[in-house]
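Hi,

Here is the structure I promised to pass on.

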Number of protein chains: 2
Amino acid sequence: MSTVEELKLRVRELENELIKCKQKSYEDTEQACSRPKIDQMSAEVVDSNPYSRLMALKRMGIVEDYEKIRLYAVAVVGVGGVGSVTAEMLTRCGIGKLLLFDYDTVELANMNRLFFQPHQAGFSKVKAAEHTLRNINPDVIFEIHNYNITTVDNFTHFMDRISHGGLQVGKPVDLVLSCVDNFEARMAINTACNELGQTWMESGVSENAVSGHIQLIAPGETACFACAPPLVVAANIDEKTLKRDGVCAASLPTTMGVVAGMLVQNVLKFLLGFGTVSHYLGYNAMQDFFPTMSMKPNPYCSDVHCTRQQQEYKKNEAQRPREDVAEVKDEVVHEDNEWGIELVSEITEEELKVASGPALTLPDGITLAYTIPVEGGDAASSAATVGDTDCSLEELMAQMKKI
Amino acid sequence: MSTVEELKLRVRELENELIKCKQKSYEDTEQACSRPKIDQMSAEVVDSNPYSRLMALKRMGIVEDYEKIRLYAVAVVGVGGVGSVTAEMLTRCGIGKLLLFDYDTVELANMNRLFFQPHQAGFSKVKAAEHTLRNINPDVIFEIHNYNITTVDNFTHFMDRISHGGLQVGKPVDLVLSCVDNFEARMAINTACNELGQTWMESGVSENAVSGHIQLIAPGETACFACAPPLVVAANIDEKTLKRDGVCAASLPTTMGVVAGMLVQNVLKFLLGFGTVSHYLGYNAMQDFFPTMSMKPNPYCSDVHCTRQQQEYKKNEAQRPREDVAEVKDEVVHEDNEWGIELVSEITEEELKVASGPALTLPDGITLAYTIPVEGGDAASSAATVGDTDCSLEELMAQMKKI
């Protein structure tokens with residue numbers, strides 16, 4: 001039988017143990033919480049300043065005004081092998097706002113790429129990513145959308161967020177990054193950005209995991225995703241950037257890390273105005289070859305918003321003062337190049353006109369994901385050039401229009 | 001006053017609360033623990049298989065025997081911006097064993113690079129890294145050393161771990177990766193690897209954060225770090241790979257991610273035998289330019305172990321059957337190149353002989369971190385080529401020898 005004294009002692013013991021347990025739990029939670037928010041980026045060189053090494057870019061003469069990064073909102077569509085690392089890099093760089101779109105769930109099968117961890121398996125990718133990223137940098141504003149952008153309702157909502165989800169209330173985002181793994185989603189982003197005149201960057205990694213690319217698409221100024229079949233980095237083996245159903249794509253954290261790095265580097269250069277912003281940069285991991293190129297929009301593009309943007313761009317260019325045009329040209333076409341980079345000539349309108357056949361001239365190391373069959377042409381002969389892909393661009397675009 | 005009944009009730013309440021608290025704490029810990037170990041890598045395409053996308057490399061015809069990755073031990077020296085991501089990539093790829101060397105502590109000032117998180121501030125880098133990596137992939141064997149490899153005792157221990165820390169008891173590691181940020185540590189690794197005949201790869205990122213490189217060093221076969229001043233990727237601005245005291249280097253997660261990706265890609269190609277293993281691959285982020293080159297060892301290298309390895313390599317090459325030599329040549333010198341990569345001619349022994357002056361011919365985009373002053377020459381004139389660096393190679397090497 002328990003005496004009152006024994007029971008009182010037991011209560012005290014239990015109370016102490018509970019306090020300890022709660023303290024531990026609190027510390028664990030505290031540990032999961034990150035540093036406090038920082039109002040203003042400082043260049044102070046102290047161990048406790050998460051921005052000192054970024055602000056040092058100013059002292060090094062690389063970036064004029066690094067703090068400006070806080071004024072930008074970037075949408076990342078697809079938070080997989082490339083998108084998650086892209087979001088992490090932007091978060092660590094101190095971007096103002098990140099909008100994440102994905103409808104997938106973290107699986108153990110994703111653990112061969114950077115970012116997600118085994119204990120996150122089963123969580124939605126956008127939720128898991130937001131949790132990790134907010135912990136890394138609480139200064140960034142996050143907006144997440146756990147849906148597939150290619151369905152009708154979601155596409156409308158996606159358009160709305162792109163055009164009104166910027167840092168200033170009601171303003172558009174500053175850049176859209178495509179880190180998706182399928183053709184439909186890329187075309188949805190292309191359609192949205194053409195309609196809105198929104199500059200975006202596309203990224204892709206091949207199914208065999210050993211090549212990838214990034215591409216800048218400024219509606220009306222550079223070729224859009226519908227202007228020509230998507231360009232991929234060639235390899236000795238048959239490959240496509242477009243994921244085919246039923247095929248388990250290979251992937252490597254290396255290739256995805258390099259592509260994410262090239263993409264975010266291009267984003268930083270674009271937003272903060274330093275270096276040469278690449279229009280197209282490929283990565284062939286087998287040969288360590290990185291082809292670059294530039295492509296003008298196709299005046300015969302099937303996307304009406306693309307051709308409208310082209311007209312507007314031409315009109316604006318014509319109205320611009322002469323020196324101004326030359327300056328912009330220099331910046332974008334990177335003719336200032338002193339490194340002996342073999343720059344490929346831009347693809348002309350004439351070349352694009354015949355792009356429906358296999359006549360398009362591309363630089364070494366870059367090929368088309370497929371060719372567009374000649375309209376009303378011999379199905380058998382065009383099939384030979386289409387290769388392994390079952391869908392032609394037109395068929396795929398028809399599918400797109402259905403959604 | 002408490003009655004016995006009241007006290008008993010309180011004890012039950014507290015016991016229940018404590019059970020709940022402990023359960024929660026256990027679940028938190030459980031969550032921090034990762035997936036169970038996996039005995040054998042499987043290619044099965046299920047969401048729960050962390051190796052399915054890697055094993056798919058076999059089906060894609062890229063890698064013949066991916067499982068072999070489990071047989072290799074890799075040492076990573078320096079677990080900072082490049083080293084931590086390098087270690088994470090290798091962990092996710094399922095490397096057999098990782099040996100991590102660093103003596104630094106995680107700081108908030110490191111948060112602009114990938115991998116470490118704010119709650120790890122204050123922990124040793126190797127301990128924090130091991131914790132995260134083990135959680136990501138418990139199949140990897142970790143061995144961590146929280147010390148500076150350049151002190152006498154630690155250097156001896158480092159040599160021992162390189163030569164006996166392999167997967168098979170008493171055998172050497174398969175590869176050493178240098179991800180350090182200073183000249184002394186690079187020279188220590190170089191000295192150790194020359195003496196042991198250990199192949200290693202060097203990596204570096206410039207102080208201004210916009211260029212970097214990786215380099216393969218096979219003692220006796222390719223130029224070692226003492227054969228010639230270290231090569232860096234040129235930029236318009238003054239820059240050095242070597243960290244100078246008192247200068248807060250800028251850094252970017254993008255550049256470091258790209259360099260880590262190039263490094264581990266080269267490691268995978270080297271260990272698993274696919275693609276072309278690069279001898280030197282540079283990255284100029286401002287222009288998106290990636291120069292490659294190859295450099296033979298300097299027969300007049302100041303490291304006696306390097307010249308000894310050169311003799312042994314030549315002897316072995318001479319004894320090798322004719323066809324065998326040709327085969328290896330093709331593989332390494334990448335002459336099979338169909339992508340129009342502008343391959344620079346290898347630097348000859350004659351060029352290296354005169355490398356103490358500024359006469360060394362280097363491909364576009366690659367420069368020496370500094371030049372070696374002519375022995376007994378005019379101090380004032382050599383100082384002009386040494387530029388901002390206060391130490392000459394010889395001075396630095398003399399310092400190295402003192403330790």
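Predicted model: local features only at pLDDT ≥ 70, side-chain atom pairs only at ≥ 80, totals over all residues.

Residues are numbered from 1 along each chain as its sequence is written, chains are lettered from A and ligands numbered from 1 in the order written, and side-chain values use heavy atoms, without hydrogens or water.

B:Leu98 also sits in the largest nonpolar core, which has 131 residues; it is one of the members that touch the most others, along with A:Tyr66, A:Leu98, A:Leu177, B:Tyr66 and B:Leu177. (A nonpolar core is a set of buried Ala, Val, Leu, Ile, Met, Phe, Trp, Tyr and Cys residues joined through side-chain atoms within 4.5 Å; buried means under 20% relative accessible area, with a 1.4 Å probe and protein chains only.) A second, separate core of 34 residues includes B:Ala75, B:Ile149, B:Met159 and B:Ala223.

Five of its five residues are buried, so the rest of the structure largely encloses β8(B). Both faces are covered, with B:Tyr280, B:Gly282 and B:Asn284 on one side and B:Leu281 and B:Tyr283 on the other. β8(B) pairs antiparallel with β6 (211–217) of chain B over five bridges (pairing takes at least two DSSP bridges), and B:Gln215 stands opposite B:Tyr280. Two bridges join β8(B) to β9 (292–293) of chain B, also antiparallel, and there B:Tyr280 stands opposite B:Met293.

Now the interface. Chains A and B bury about 8,700 Å² between them, 65% of it on carbon and sulfur atoms; that is the accessible area (1.4 Å probe) lost on being put together, summed over both. Each chain's share of the contact is 99 residues. Four salt bridges cross the interface (a side-chain nitrogen of Lys or Arg within 4 Å of a carboxyl oxygen of Asp or Glu). B:Glu15 and A:Arg10 meet in a salt bridge at 3.2 Å, N to O. On the side of chain A that touches chain B, α1(A) gives the most, with 14 residues.

Cheers

Terms used. Buried < 20%, exposed > 50% of the residue type's maximum accessible area, 1.4 Å probe, protein only. Helix = DSSP H or I, 4+ residues; strand = E, 2+ residues; numbered from the N terminus. Contact = heavy atoms within 4.5 Å. Buried area = accessible area lost by both parts, 1.4 Å probe.
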